[in-house]
Amino acid sequence: MKRRGYGNNHVTGRMLLCAAAAGVLLAVFGIQLHMNQRKETEAFVAGHSTMSGLETSNLYDEMVQSSTEAADIPVVASAESEPVVEPSPYDGRFIANITDTLNVRAEATAESELVGKMYPGCVGDIVATAGEWTQITSGDVSGFVKTEYILTGKDAEPLAEEYGRNIGTVTADVIRVRRETNTESEAIAMLVKDDEVFVTETLEGWYGVLVNENWEGYVAAEYLTVEYKLDTAITIEEEMARIAAAKKAQQEAEAAQNAIAANATTVDTTQGAPVAANYDDAYLLACLVSMEAGAEPYEGQLAVANVVLNRLRSGYYGSTISDVIYAKGQFPSVNGSVMQNYLNNGPLPLAQQAANEALAGVNNIGGYTCFINVKYANYASYGSYTIIGNHCFH
């Protein structure tokens, strides 16, 4: 056992000795190689030093350094690797992202003087941003708002699309708002120069406009200039003036409504002789009532049916119900898509009932032959009138 162990140790020792010897040889070879390279470099430098005007030792050191150290070269990313950011029309601008009102303060503190108010979707320019406050200008208001309640840049674009409106400004002295898109259509309102209206749609040669929150009509495109607008902040003085004006307008409207009601004629419902009509005329009458008064109470629908029958009795508008309804300039909407829909699909059930009852001789407006929405009624020009729902019959 010992001999075997000795033999192993001997072999191991020989291996270690050989490895050490090889290491020494490699080291000697490396030194010799390095010395040869150094000599060659020195010889090269010596042969060229007179040309360069540099000291051999310095040039050698520079060459060794440049050959052994990695150059620090900056890596420039290609233009294709950088994302392209499209500019936004709201860069440097903002939109109020609120559901009620946003206070504009004189200074960047909640205790500062209130100088203005902003409503949802109001727009303005950013002057500077510092933490939770942003300095802004909007309309005639300059001050500070809480940063958390505004959006800017591309974040503001969806909100601008939601709150922005096309505003039409009247350029002629006086223009008519018509019920349909033709010059023969009934005029439902008048606008004067510099009046502003919301533009709801653009058609060939016409704009759909919202005269008020409930009444839409059409204006010839040549008489409007249209601009996409967003609201701006208002000063405290402007807000107080708005509140006072709204209160005054409400009081005046109530007084006018009371006067109108006091001067209106009360018409009793009567039973007269029935009116002969074929199926087509009876159907046409029910469709007209659907179009003109489908959203009115039943009494209003019965009254519209009787306007047609009173005109028929007068003989001035034609000798049949169809003649009266299609008389030039009287019910121009009968040529529109709404009327066509009722003709194709049938009248409203309540309108059908009102038309049948009127044909049976039931009359709730006496001899009146005209009606108009109460918002556009000129009561002073009527000898007498009665009001049913949203219509004035005269």
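The following dialogue covers charged residues of a predicted model.

Mentor: The model is predicted, so local features need pLDDT of at least 70 and side-chain atom pairs count only at pLDDT 80 or more, while totals for chains, interfaces and linings use all residues. Residues are numbered from 1 along each chain as its sequence is written, and side-chain values use heavy atoms, with hydrogens and water left out.

Trainee: Why is Glu 237 called exposed?

Mentor: Exposed means over 50% relative accessible area, buried under 20%, and partly exposed in between (1.4 Å probe, protein chains only). Glu 237 has 58% relative accessibility, so Glu 237 counts as exposed. Glu 237 is found in helix 4, residues 236-263; helices (H or I, at least four residues) and strands (E, at least two) are DSSP runs, numbered from the N terminus.

Trainee: Why does Asp 194 count as exposed?

Mentor: The relative accessibility of Asp 194 is 55%, and therefore Asp 194 counts as exposed. Asp 194 sits in the loop between strand 10 (187-192) and strand 11 (196-203).

Trainee: What is the phi of Asp 194?

Mentor: Phi is near 75° there, a positive value in a residue other than glycine. Most residues other than glycine have a negative phi.

Trainee: What makes the contact of Lys 154 with Glu 157 a salt bridge?

Mentor: A salt bridge is a side-chain nitrogen of Lys or Arg within 4 Å of a carboxyl oxygen of Asp or Glu. The closest N and O atoms of Lys 154 and Glu 157 are 3.9 Å apart, so the pair is a salt bridge. Lys 154 is partly exposed because its relative accessible area is 44%, and Glu 157 counts as partly exposed at 28%.

Trainee: How many salt bridges does the structure hold?

Mentor: The structure holds 6. One of them joins the side chains of Arg 179 and Glu 292 at 3.9 Å, N to O. This pair links distant parts of the chain, with Arg 179 in the loop between strand 9 (174-178) and strand 10, and Glu 292 in helix 5 (residues 279-293), 113 residues apart.

Trainee: Why is Glu 292 called buried?

Mentor: Its relative accessible area is 12%, so Glu 292 is buried.

Trainee: Which parts of the chain does the pair Glu 196 and Lys 229 link?

Mentor: The side chains of Glu 196 and Lys 229 meet in a salt bridge at 3.4 Å, N to O. Glu 196 is in strand 11 and Lys 229 in strand 14 (residues 224-229), 33 residues apart. Lys 229 has 30% relative accessibility and therefore counts as partly exposed.

Trainee: Which residues do salt bridges that share partners join into one network?

Mentor: Arg 179, Glu 186 and Glu 292.
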